[in-house]
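Reader: I am new to this structure. Please walk me through it, one question at a time.

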Amino acid sequence: MNILFICSRNQWRSPTAEALFRNYKGLSVRSAGTEPSAKTRVNAKLLEWADHVFVMEKRHKQRIEENFRDIILKNKIIVLDIPDDYQYMDEELISSLKTSVSHYLP
């Protein structure tokens, strides 16, 4: 199963999620951002690769829908509602990610 995590700049939240779920058996995990300044910017190839797309906020989903409306996603975009209040690998962020994502995984 291919999982894509998306935040704004691909700096704290989505890389934390990628690191957290990277070693789960049966998962391939990547992360990206919606902003032009993102370390890895979301693109059509990543969206087509993903079986599940998790975004941290509603605005990330809106940007994807606006910029990639010609791409049919295999699965819906799941909004995690995790605000940009955390640093990379923050324990509270890790807890929120585990709680929000785990029931979607095998």
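Reader: Which residue in β2 is the bridge partner of Ile3?

Author: A word first: this is a predicted model. Strand β1 covers residues 2-7 and strand β2 covers residues 28-33. The two are parallel and joined by six bridges. In β2, Ile3 has as its bridge partner Val29.

Reader: Is Val29 buried or exposed?

Author: Val29 sits in strand β2. Away from its sequence neighbours up to four places off, Val29 touches Ile3, Phe5, Ala17, Glu18, Phe21, Arg22 and Trp49. Its relative accessible area is 12%, and the cut-off is under 20%, so Val29 is buried.

Reader: How many Å separate the C-alpha atoms of Val29 and Ile82?

Author: Along the chain, Val29 and Ile82 are 53 residues apart.

Reader: What is the handedness of the unit made by β1, α1 and β2?

Author: Helix α1 covers residues 13-21. Together with β1 and β2, helix α1 makes a β-α-β unit. The handedness of this unit is right-handed.

Reader: How many of the nine residues of α1 are buried?

Author: Helix α1 is mostly covered. Its buried residues include Arg13, Pro15, Ala17, Leu20 and Phe21. They pack against β1, β2, α3 (58-67) and α4 (91-101). Of the nine residues in α1, the buried ones number nine.

Reader: Where is Ser8, and is Ser8 buried or exposed?

Author: Ser8 lies in the loop between β1 and α1. Its contacts beyond four places in sequence are Arg13, Gly33, Thr34, Glu35, Ala38, Arg59 and His60. The relative accessible area of Ser8 is 5%, under the 20% cut-off, so Ser8 is buried.

Reader: With which side chain does the side chain of Ser8 make a polar contact of 2.8 Å?

Author: Take the Arg59 contact first. The side chains of Ser8 and Arg59 are joined by a polar contact of 3.2 Å. At 2.8 Å, the side chain of Ser8 makes a polar contact with that of His60.

Reader: Why does Asn2 count as buried?

Author: Asn2 is in strand β1. Beyond four places in sequence, its contacts are Ser28, Trp49, Ala50, Asp51 and His52. Buried means under 20%, and Asn2 counts as buried because its relative accessibility is 18%.

Reader: What order do the elements of the chain run in, from the N terminus on?

Author: The chain has four helices and four strands. From the N terminus on, the order is β-α-β-α-β-α-β-α.

Reader: What radius of gyration does the chain have, and which value would a compact globule have?

Author: The C-alpha atoms fill a box of roughly 35 × 30 × 20 Å along the principal axes. For 106 residues, a compact globule would have a radius of gyration near 13 Å. The chain agrees with that value, as its own radius of gyration is 12 Å.

Reader: What percentage of the residues in the chain is buried?

Author: Start with the surface. The accessible surface of the chain comes to about 6,000 Å², and 44% of that belongs to carbon and sulfur atoms. Of the 106 residues in the chain, the buried share is 46%.

Reader: Among contacts between residues at least 6 apart in sequence, what share joins residues at least 24 apart?

Author: The pair Ser8 and His60 shows a contact across the sequence. For the chain, among contacts between residues at least 6 apart, the share joining residues at least 24 apart is 68%.

Methods: Residues numbered from 1 in each chain as written. Predicted model: local features only at pLDDT ≥ 70, side-chain atom pairs only at ≥ 80, totals over all residues. Heavy atoms only, no water. Pairing = 2+ DSSP bridges. Right-handed = clockwise from strand over helix to strand, strands pointing away. Buried < 20%, exposed > 50% of the residue type's maximum accessible area, 1.4 Å probe, protein only. Polar contact = N/O pair within 3.5 Å; in protein donor to acceptor, adjacent residues only side chain to side chain. Contact = heavy atoms within 4.5 Å. Rg over C-alpha atoms; globule rule 2.2 N^0.38 Å. Areas by Shrake-Rupley, 256 points an atom, 1.4 Å probe, with all protein chains shown as cover.
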